[in-house]
Amino acid sequence: MPSDDIEFERIREKLPGFVEASRKRSAHGKVASYIPELSKMPKDALGIAIMDGNGRTASAGDCEIAFTMQSISKVFTLILALMDNGEAAVFDKVGMEPTGDNFNSMLKLELVQPGIPFNPLINAGAIAVTSLIAGSSPQEKTGRVLAFFRQLADNPSLDVDKSVYESEAATANLNRSMGYLLKDRGVLEGNVEEVLDVYFRHCSVSVTCADIARMALVLAFGGTDPITGKPLIPRRYVQIAKTFMTTCGMYNASGEFAIQVGLPAKSGVSGGILTMVPGRYGIGVVGPALNGKGNSIAGVHLMETLSREFDWSMF
Ligand code: DON
C-alpha cells in the first residue's frame, strides 16, 4: 500500500479514540454568549472531518452538527477582496501584523499611525476588507460571497443562518462603533451599516466539518481544487491567506498553536477551526466550548494530538 494510504487508514482507525479523549476538555471551556444565539451550541460537542486530495474523508464525533463560520469566513472574504482589488489596494487599508490585543479591540486604531487595522483577521480588519468586496449593493456583495463559499465547499446549499445573523446584528455595538471609526478615518468606504450587514451575514454562514474540510483542501493545494482540478484561487493569494492564518489565525494563541500544532489555522467563536496539512489534507473541526483565548478547547487539544501522532508540523 502507498504510504499515504497507510497514513489515511491509521487516521481513520485512531480518530474516534482521539476525539473522545479530547472531548473531555470541553468541561473546562465556555460557549460564546456575546452573540446570544451562539450560546445554544452544545457545550460538549466535538467533531472533525479530514479530507485528502482524492476526496476520501475520515470523520469522527459530532461531525454532522451545523455551526456558523464566524471568523473562519474572514480568510475567504480576504481572498475575495484580493481577487477583486489586488494586493496593493487591500494592504492600503489593512496591515500584515499580529496585534497581541483581543480580536474585537479598537485600541491600536487610535494609538498606532496610520490608523489602519493591523491585519485582516481581527474584526476591524475584516470589516475594512468586507467593504472592499465588489458589488453595487449589499445583496450583490453577499451573493458574491456566498457563491464563492459554495464553490470552495462544493456545496450549493451553503447559506446564512438567519437566527445567528439577526442575533449578531442586534447586539453588535462594538463592531458598529469600529465601523464608524474606520469610516471617519477614511479606511472604510461606503455605507457603514451596509458593510456591517454583509459582514454579519458572512460570519453567519452555516457549515459542517465536511464543508470546512473541503474549503481548507483548496487552500492546502495552493488554490486548485485537487478533486475537480479547477483553479479557484490564485496561488499568491492562498500564500497570503495561509501566512495570516499562521501568524494571526488563532487570536492571541497563534504562537502557541504554531509551536504545538504547526499548521495554518483559523478559528471562530462558534468553536469551528479550519486547518490543513499543506499538500495533503483539508481539516474542519467543531467544538463549541472555548478556552480563555477564544479557541475551541477540545478542538485545539485534538489538533495537538493529531499533529504529534502523525508528525504534521510544518516547522
Ligand atoms: O464579529 C464578531 O464578533 C463575530 N462575527 C466573529 C468573531 C470571531 O469569530 C472572532 N474573530 N476573530
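Predicted model: local features only at pLDDT ≥ 70, side-chain atom pairs only at ≥ 80, totals over all residues.
**Entry 1: around the ligand**

I started by asking which residues come nearest to the ligand. The shell holds 15 residues, and Tyr34, Gln70, Ser71, Glu168 and Tyr199 come nearest. I sorted the shell by class and got 7 nonpolar, 5 polar and 3 charged residues.

Then I checked which domains supply the shell. Domain 1 (3-70 + 205-309) and domain 2 (73-203) each contribute at least three residues.

**Entry 2: polar contacts**

Next I went after N and O pairs, with 3.5 Å as my cut-off for a polar contact. Glutamine 70 puts a polar side-chain atom 2.7 Å from a nitrogen atom of the ligand. Glutamate 168 also reaches a ligand nitrogen atom with a polar side-chain atom, here at 2.8 Å. For valine 269 I had to look at the backbone: a polar atom there is 2.9 Å from an oxygen atom of the ligand.

How much of the ligand's accessible area does the protein cover? I get 99% of the 340 Å² that the ligand has on its own.

**Entry 3: cavities**

The ligand takes up the space of the second largest cavity.

I looked at the largest cavity too, and its space comes to about 80 Å³. I noted 13 residues in its lining, with Thr99, Ser105, Lys108, Leu109 and Ile122 nearest the centre.

**Entry 4: the largest pocket**

Last stop was the open space. The largest pocket has about 300 Å³ of space. It is lined by 15 residues, and those closest to its centre are Asn102, Phe103, Gly292, Lys293 and Gly294. By class I wrote down 7 nonpolar, 7 polar and 1 charged for this lining.

**Recap for myself**

For the ligand, I'll remember the side chains of glutamine 70 and glutamate 168, plus the backbone of valine 269.

Note on methods
Residues numbered from 1 in each chain as written. Heavy atoms only, no water. Near = heavy atom within 4 Å. Polar contact = N/O pair within 3.5 Å; in protein donor to acceptor, adjacent residues only side chain to side chain. Areas by Shrake-Rupley, 256 points an atom, 1.4 Å probe, with all protein chains shown as cover. 1 Å grid on protein atoms, 1.4 Å probe; cavity = no way out; pocket = protein on both sides within 12 Å on 5 of 7 lines; lining within 4 Å. Sits in = over half its atoms within 2 Å of the grid points. Nonpolar A, V, L, I, M, F, W, Y, C, P; charged D, E, K, R; others polar. Domains from an automatic or database assignment. Points joined across faces, edges and corners; volume = space filled by probe spheres on them.
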